[in-house]
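This report describes selected features of the structure shown below. It takes up strand pairing, then the packing of helices, and then some details of the backbone.

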Amino acid sequence: MRILLIGGGGREHALAWKLVQSPNVEKLYAAPGNPGMALLQKCECINLNVDDLEGVADYAEEKSIDLTVVGPEAPLVAGLADVFKRRGLPVFGPSKAAAQLEGSKAFSKELMAKYNIPTAFFKICEDIEAAKAYVEEKGAPIVVKADGLAAGKGVVVAMTKQEALDAIDDMMGDHKFGAAGARVVLEEYMEGEEASLLAFTDGKTVVPMIAAQDHKRVFDGDEGPNTGGMGTYAPAPVMTDILRLKATELVLKPVVAAMAKEGTPYQGCLYAGLMIKGDSVKVVEFNCRFGDPETQVVLPLLDGDLAEIMLACATGTLDKVEVAWHDKAAVCVVMASGGYPESYEKGKEITGLAAAEEDKDVVVFHAGTKEADGKIVTSGGRVLGVTAVDASIKAARDRAYAAVEKIAFEKNFYRKDIAWRALKR
């Protein structure tokens with residue numbers, strides 16, 4: 001198989017790392033890829049304008065690509081999968097209409113309400129005054145979400161009324177997230193513990209993955225602003241086998257069935273962010289692709305051929321493929337640039353990468369790096385995802401932090417408490 005992988009972050013590095021392990025994969029092209037992916041056997045990083053959807057499809061035809069895997073949400077929401085399907089090219093990822101599950105929080109909430117999929121009570125507001133009046137009426141805590149794509153940053157969990165009003169001003173008044181915040185979704189605040197449950201689906205069959213737990217806040221003890229994710233671990237003990245089954249039956253299967261019924265069948269990776277309290281499970285959000293950094297801990301635990309599974313999703317034959325998991329644990333610690341998630345400097349040289357990977361159970365996934373004058377330097381806020389696998393979460397965590405200590409770049413920082421909830425249990 002020849003595979004084209006769209007994207008160049010930590011998630012895509014993890015996807016590439018797992019895909020090239022398949023004996024069926026002869027070549028993997030990554031657009032644009034990153035320096036970590038460039039070191040993988042069978043992988044070639046290419047320059048391709050991924051905003052030119054027809055151009056990407058032309059490239060896939062020209063190179064006789066057997067499967068295209070779309071990593072980030074933006075090309076899916078733009079309709080890349082539709083262009084490929086029109087040309088009869090296999091693609092892993094939902095259509096433009098199906099990707100609205102992530103592309104529009106209002107669409108997602110209305111679908112859940114229509115099909116009785118458990119989620120928080122909500123109100124959709126297109127007018128700033130109406131949004132503020134609703135906050136005045138309901139009070140806090142309350143959650144304010146930009147309707148559209150905001151790179152994982154368009155959600156404010158407001159613990160006071162003023163925070164909520166400020167968030168509405170930011171989104172609807174100052175257009176902090178551009179068109180994404182022209183409409184907002186206001187939601188009841190849900191108490192509990194969050195977990196991410198991803199699933200493979202071909203539009204009919206749904207196969208859940210191992211549940212993971214992300215750490216969104218920038219500092220230890222879940223303090224500071226939200227980020228794209230400072231670390232993660234799997235399996236998440238809060239998601240017991242019974243709750244995983246419950247989430248599959250009450251959330252994953254019904255939403256895939258609902259999308260088919262609406263005439264917008266969903267295939268690819270379906271990501272459900274869930275709030276767990278006692279034995280109840282509610283949807284926080286859906287994403288239309290693999291999570292970042294959840295992918296970095298879920299895929300190392302997959303005991304199977306990812307290329308075969310993804311091709312089955314793209315061709316409607318997932319029921320014919322076996323998906324199994326290693327009975328182990330994985331922990332990923334994100335090393336970030338000083339100042340992230342606000343402003344930060346780029347171009348800092350990174351040392352110690354090879355030393356960190358001397359441990360065969362450690363993989364360093366590149367998230368925001370580039371090559372400059374033969375050196376690897378920082379080029380993003382989240383720079384590396386240092387992932388370790390071991391028999392238990394504690395052992396995997398110790399291994400990951402031991403590897404982190406071997407890596408250095410100026411002003412780097414990372415959370416020291418990844419997986420604290422699991423260890424507390």
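## A bridge between two strands

Valine 144 has valine 156, in strand S8, as its bridge partner. Strand S7, which covers residues 142–146, pairs with S8 in the antiparallel sense over four bridges. Two strands are said to pair if DSSP finds at least two bridges between them. Strands (E, at least two residues) and helices (H or I, at least four) are DSSP runs, numbered from the N terminus.

The model is a predicted one, in which local features need pLDDT of at least 70 and side-chain atom pairs count only at pLDDT 80 or more, while totals for chains, interfaces and linings use all residues. Residues are numbered from 1 along each chain as its sequence is written, and side-chain values use heavy atoms, with hydrogens and water left out.

## The sheet and its helices

Strands S7 and S8 belong to an open sheet of four strands, with the order S6-S9-S7-S8 and antiparallel pairing. At the edges are strand S6 (122–125) and strand S8 (155–158), each of which pairs on one side only. From one strand to the next, the twist averages 20 degrees.

Helix H7, formed by residues 105–114, packs on this sheet and touches S6, S7, S8 and strand S9 (184–188). The direction of H7 makes about 140 degrees with that of S6. Helix H8 (residues 128–138) also packs on the sheet, where it touches S6, S7 and S9, and its direction makes about 10 degrees with that of S9. Contact here means heavy atoms within 4.5 Å. Axes are lines fitted to C-alpha atoms, for helices over the stretch in contact, and angles run from 0 to 180 degrees between N-to-C directions.

## Cis peptide bonds and positive phi

Most peptide bonds are trans, and most residues other than glycine have a negative phi. Alanine 31 and proline 32 are joined by a cis peptide bond with omega of about 0 degrees; proline 32 is found in strand S2 (residues 27–32). Another cis peptide bond joins tyrosine 340 and proline 341, with omega of about 10 degrees. Proline 341 lies in the loop between strand S18 (329–337) and helix H13 (353–356).

Lysine 411, although not a glycine, has a positive phi of about 65 degrees. This lysine 411 is placed in the loop between helix H14 (393–404) and strand S23 (412–413). At 49% relative accessibility, lysine 411 counts as partly exposed, a class between buried (under 20% relative accessible area) and exposed (over 50%), with a 1.4 Å probe and protein chains only. Alanine 419 has a positive phi of about 75 degrees and lies in the loop between S23 and helix H15 (420–424). Alanine 419 counts as buried because its relative accessibility is 0%.
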